[in-house]
Amino acid sequence: MPIKAVRLATSSLLPSPGELQACWELCRLHNNIGFWVVWLPTAWSIFMAYHVQKEVSASMAVARALLYVPLCFGIKSLIMTIDDILDADVDGLVERTRGRPLPRGAISTRRAWFFFFGQVLVGIGLAMYFLGATAFRWTNLAPLPLGVMFNVGIFMGWADLTPNEKELPMNVLVPMYIGACLWTFTYETIYQHQDKVDDIKIGLHSPALLLGRRTIPVCTATAVGFFVLISYAGFLNQQGIFYFAGVALAFARLIYFLLRVDIDKPQDCRDFFLDTITVGQIILSGIVLDAFFSRVLSGTAL
C-alpha cells in the first residue's frame with residue numbers, strides 16, 4: 001500500500017478534535033452527577049463496614065473508597081455513552097437533548113460504538129446497561145432498573161472490606177440497598193418531568209407520565225421509605241448519633257425541596273435532581289463522623 005494511502009487510513013481511524021470533544025460529552029465528563037449517585041452508596045457501605053469492623057483501619061477504608069472512584073466513573077461513562085447511542089433518534093426530537101453529540105452530528109453512530117466498546121475493553125463489562133438505557137421505551141418505571149444498577153456498590157463496598165471467612169450482614173445491606181433504590185426512583189422521577197411534553201409527542205414512557213399529579217405524594221412516600229430503611233440499617237449496624245443526625249438532616253433537605261418543586265417547570269426539576277448530590281454527601285458525612293467519634297470515644301485505633 002502506498003505511504004499516502006497508509007497515512008490516510010491511519011488518520012481516518014484516529015479521532016478528530018471534534019470527535020474527542022464529542023466523546024467527552026458522551027461520557028458526561030462535564031457533568032458528574034452520574035458518578036456521585038453511583039459512588040455515594042458505595043462509600044456509605046464502606047464506612048459503615050469500617051464502623052463495625054474494628055480491624056479495618058481508616059487508611060484502608062479511605063483507600064477503598066478512592067479505589068472505587070475510577071470504577072464508578074467508568075460505570076457512569078458506560079451508562080451515559082450507551083444511553084446516547086440507543087437514544088440518538090429520540091434525543092433529536094427532544095428540546096433538552098437535541099444538542100447532544102449524536103443528534104447534532106458531532107460524531108457518527110459507528111464511531112460512538114467504537115468508543116463504547118473501547119471503554120468496555122478497558123475493563124468494565126456491559127452488565128445490565130442495555131436494560132437501564134432503553135427501559136423508558138417499554139416501561140413507565142425506568143428508574144427501577146436504574147436503581148438496581150446504581151446502588152449495587154452497597155454490596156461491593158462492604159464485601160471489599162470483609163474477610164472471606166466472614167458472612168456479609170445481609171440484614172443491614174438489603175434494607176440499605178432497597179432504600180437507595182427508592183432514593184433513585186425519587187430523584188429520577190422528578191428529573192423526567194423535564195421532558196414530559198416531548199415524551200407525550202414522541203410516545204415514550206416515563207414515571208412522570210404515569211404518575212402525573214400524583215408525583216409529589218408518591219415521591220414523598222418513596223423518600224420516606226428511603227430514610228426509614230437506611231435508618232433501620234443504621235440501627236442494626238449499631239450506628240450512633242452522628243449517623244442519625246446526618247440521615248435526619250438529609251431527609252429534611254430532600255423533603256423541603258421536594259415539596260416545593262414545581263413539576264411543570266423544567267428548571268425546578270433539574271435543580272431538585274442536582275441537589276441529589278448534596279443529600280448523599282450529607283449522609284456520607286454523618287457516617288464518617290459517626291465512625292470516627294465511635295472509635296475515638298471507645299479508644300479504638302483509627
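So, let's start in the loop between α14, residues 215–236, and α15, residues 241–258, because that's the place of Gln-238. This is a predicted model, so keep that in mind for everything I say. Gln-238 isn't a glycine, and yet its phi is positive, at about 60 degrees. Why point that out? Because most residues other than glycine have a negative phi.

Now, is Gln-238 buried or exposed? With a relative accessible area of 65%, Gln-238 is exposed. Go back one residue to Asn-237, which sits in that loop between α14 and α15 too. Asn-237 has a relative accessible area of 5%, so this one is buried. And what does Asn-237 touch, if we leave aside neighbours within four places in sequence? The contacts are Met-48, His-51, Val-52, Trp-158 and Val-172.

Gly-240 is another residue of the loop between α14 and α15, and its relative accessibility is 24%, so it counts as partly exposed. Along the chain, Gly-240 and His-51 are 189 residues apart, but their C-alpha atoms are separated by 9.8 Å.

Okay, on to the helices on either side of that loop. How do α14 and α15 pack? The angle is about 175 degrees, and the axes are 11 Å apart. An angle over 145 degrees counts as roughly antiparallel, so that's what we call α14 and α15. If you want to find the contact on screen, α14 brings residues including Ile-216, Cys-219, Ala-223, Phe-227 and Phe-235. From α15, look for Tyr-243, Phe-244, Val-247, Phe-251 and Leu-258, among others. By class, this contact has 15 nonpolar residues, three polar ones and no charged ones.

Next, stay with α15 and turn to α17. Here the angle is about 170 degrees and the axes are 7 Å apart. That makes α15 roughly antiparallel to α17. Among the residues in this contact are Phe-242, Gly-246, Leu-249 and Arg-253 of α15, together with Val-279, Ile-282, Gly-286, Asp-290 and Phe-293 of α17. The class count is 12 nonpolar, three polar and two charged.

And α17 has another partner for us to look at, which is α3. Helix α3 covers residues 33–52, and α17 covers residues 276–298. They pack at an angle of about 15 degrees, with their axes 9 Å apart. Under 35 degrees counts as roughly parallel, so α3 and α17 are roughly parallel to each other. Their crossing is left-handed. Which residues meet there? On the α3 side you have, among them, Trp-36, Trp-39, Trp-44, Phe-47 and His-51. On the α17 side, the list includes Gly-280, Leu-284, Ile-287, Asp-290 and Arg-295. By class, the contact of α3 with α17 has 16 nonpolar, five polar and two charged residues. Asp-290, by the way, is also listed in the contact of α15 with α17.

One more loop before we zoom out. His-193 is found between α11, residues 170–192, and α12, residues 196–202. Buried or exposed? Its relative accessibility is 3%, so His-193 counts as buried. Not counting residues up to four places away in sequence, His-193 touches Ala-208, Gly-212, Thr-215, Ile-263 and Cys-269. Pro-207 is 14 residues from His-193 along the chain, and the two C-alpha atoms are separated by 8.4 Å.

Now the whole protein. How many helices and strands are there? There are 17 helices and zero strands. Of the 302 residues, 49% count as buried. Then take the contacts with a separation of 6 or more: residues 24 or more positions apart account for 76% of them.

Last thing, the record. The UniProt entry, which is unreviewed, carries the annotation "transmembrane region" for several stretches, including 33–53, 211–235, 241–259 and 271–293. What does the model show for two of these? Residues 241–259 are 95% helix and 0% strand, with the end C-alpha atoms 27 Å apart. For residues 271–293, the chain is 96% helix and 0% strand, and the end C-alpha atoms are 34 Å apart.

Note on methods:
Residues numbered from 1 in each chain as written. Predicted model: local features only at pLDDT ≥ 70, side-chain atom pairs only at ≥ 80, totals over all residues. Heavy atoms only, no water. Axes fitted to C-alpha atoms, helices over the stretch in contact; angles between N-to-C directions. Helix = DSSP H or I, 4+ residues; strand = E, 2+ residues; numbered from the N terminus. Parallel < 35°, antiparallel > 145°, perpendicular 65-115°, else oblique. Left-handed = near helix turned anticlockwise from the far one by under 90°. Contact = heavy atoms within 4.5 Å. Nonpolar A, V, L, I, M, F, W, Y, C, P; charged D, E, K, R; others polar. UniProt positions renumbered as here; feature names shortened; annotations may be inferred. Buried < 20%, exposed > 50% of the residue type's maximum accessible area, 1.4 Å probe, protein only.
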